[in-house]
Amino acid sequence: MPTGLEKIRAIRAEERKKQRKRRIFIVVVIVALATLYLCIQGRGVRMYQPLYVWRCVGAFIRYKFATIGAASSVRNQLQSEIVATLGNSYGVIIERLQNLLLMLISGAVLALSGTVYQTSMRNPMAVPTMLGVSSGVQMAQMILVILYAEDAYTMATQRYILSYGISIGVLLVILLAGKIVGGKRFNIADLLIVGTVVNRLFRIIMNYLQSSMDTDTLTLYQEFAQNSQDYFDSFSDLTILVIVAAVTMIPLILMRFSFNVVSFDDEDAHSVGVQARFLRFYGILAGGVLTATAMIHAGNIGMLATVVPLMCRYIYGADFRDLLWTSAAWGGIILLCSNFIRGYTYINEYQIPVGNIISLLAVPLLIWIIRRQKTIFSSMEQ
């Protein structure tokens with residue numbers, strides 16, 4: 001007869017087996033979507049052979065490693081040799097690859113920030129956009145368009161500085177105000193109330209600025225804010241995205257075991273040696289940085305931070321160690337699918353913003369999850 005310890009080992013082995021299957025499934029989905037995204041080019045649905053596409057990707061990776069620290073003449077020569085071998089379509093596929101990586105990473109960090117916020121605040125509907133981060137990024141974009149008009153499209157450095165400065169500054173002000181309102185005890189409800197008020201103030205200012213814009217400037221701002229991913233045209237911008245995301249996420253990965261305890265009361269967490277207040281503070285701050293990073297590069301896609309963590313929590317459970325990578329993976333997948341759909345959806349030659357497509361996909365999914373949860377709870381009560 002198996003002992004209790006043997007049963008526990010069997011259960012853990014079965015759980016590890018399920019996790020391996022989940023990882024394999026997600027990797028297969030990402031590779032399949034990436035191949036489809038790179039093979040289908042343009043509105044005319046032009047197809048490239050998958051083998052040719054991945055040859056181009058492999059050549060680009062070899063080119064990047066071979067030209068580390070090399071002179072510009074050497075880089076240009078190698079680039080010319082690759083184009084001569086693979087054809088002019090090589091540049092189109094590499095440009096598409098950049099957009100692919102931009103969407104995958106932006107969706108991953110935004111969905112992960114939603115997971116961190118929902119865990120830190122112990123609220124399944126909490127999202128980073130509640131604390132003014134998205135408003136800060138949009139305000140920075142508006143200021144750039146008002147001051148520089150079309151030149152704002154190419155001012156990546158100024159865009160980074162202004163977006164991060166305003167969004168993180170607003171987040172710190174809200175944290176400080178929430179601390180003052182809550183007194184000695186850090187209250188999440190007070191923090192959300194202060195964040196709502198500050199968000200409303202930002203909306204009033206932005207509405208006033210929009211009303212004072214002329215038609216051309218307003219059109220420029222809407223195009224700039226809704227299609228941010230179209231204005232990052234170098235892998236150096238993608239490198240900045242990767243560096244900021246990695247620096248912010250590494251502590252979350254290292255503390256993934258402790259974040260499960262954050263859902264308890266502070267006294268209970270302290271009794272097992274976990275500083276819940278520090279983890280909660282870092283989670284809120286890291287989630288804000290990740291949200292700003294995603295919205296700078298991918299536009300207004302805040303709905304992703306709400307729906308993906310709820311979906312992953314419903315499918316994979318509430319263990320933060322699983323939610324950490326599943327929410328990141330599915331966030332990238334959903335944003336990539338939405339951007340793929342965006343390339344073929346037009347209204348009077350106007351391309352629908354990716355944020356609107358995410359909302360159209362997310363709302364039915366959110367309703368379905370809520371309905372399923374209510375059905376489960378009702379059956380348990382009976």
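**Figure 1. Helices H2 and H3 cross with right-handed geometry in this predicted model.** A crossing counts as right-handed if the near helix is turned clockwise from the far one by less than a right angle, and as left-handed if anticlockwise. Helices are DSSP runs of H or I with at least four residues, strands are E runs of at least two, and both are numbered from the N terminus. H2 spans residues 50-66 and H3 residues 72-86. They pack at about 165°, axes 11 Å apart. H2 is therefore roughly antiparallel to H3 (over 145 degrees; under 35 is roughly parallel, 65 to 115 roughly perpendicular, the rest oblique). Axes are lines fitted to C-alpha atoms over the stretch in contact, with angles from 0 to 180 degrees between N-to-C directions. H2 contributes Tyr52, Arg55, Cys56, Ala59, Tyr63 and Ala66 to the contact; H3 contributes Arg75, Leu78, Gln79, Ile82 and Leu86. Contact means heavy atoms within 4.5 Å. These residues divide into 8 nonpolar, 1 polar and 2 charged (nonpolar: Ala, Val, Leu, Ile, Met, Phe, Trp, Tyr, Cys, Pro; charged: Asp, Glu, Lys, Arg; polar: the others, Gly among them).

**Figure 2. H4 and H13 are oblique to each other.** H13 covers residues 320-342. The two axes come within 7 Å and cross at roughly 140°. H4 passes H13 in a right-handed crossing. The contact holds 15 nonpolar, 9 polar and 1 charged residues.

**Figure 3. The largest nonpolar core has 64 residues.** Such a core is a set of buried Ala, Val, Leu, Ile, Met, Phe, Trp, Tyr and Cys residues joined through side-chain atoms within 4.5 Å. Tyr90, Leu100, Trp330 and Leu335 have the most contacts inside it. Helix H4, residues 89-121, gives the most to this core, with 13 residues. Beyond neighbours within four places in sequence, Trp330 touches Phe25, Ile26, Val308, Met311, Cys312 and Tyr316. Another core, of 37 residues, lies apart and includes Ala152, Tyr153, Ile166 and Ile188.

Figure 4. Leaving aside neighbours within four places in sequence, Ser106 contacts Leu241, Ala294, His297, Ala298 and Leu335.

**Notes to all views.** Residues are numbered from 1 along each chain as its sequence is written, and side-chain values use heavy atoms, without hydrogens or water. In this predicted model, local features need pLDDT of at least 70 and side-chain atom pairs count only at pLDDT 80 or more, while totals for chains, interfaces and linings use all residues.

Key
Buried means under 20% relative accessible area, exposed over 50%, partly exposed in between (1.4 Å probe, protein chains only).
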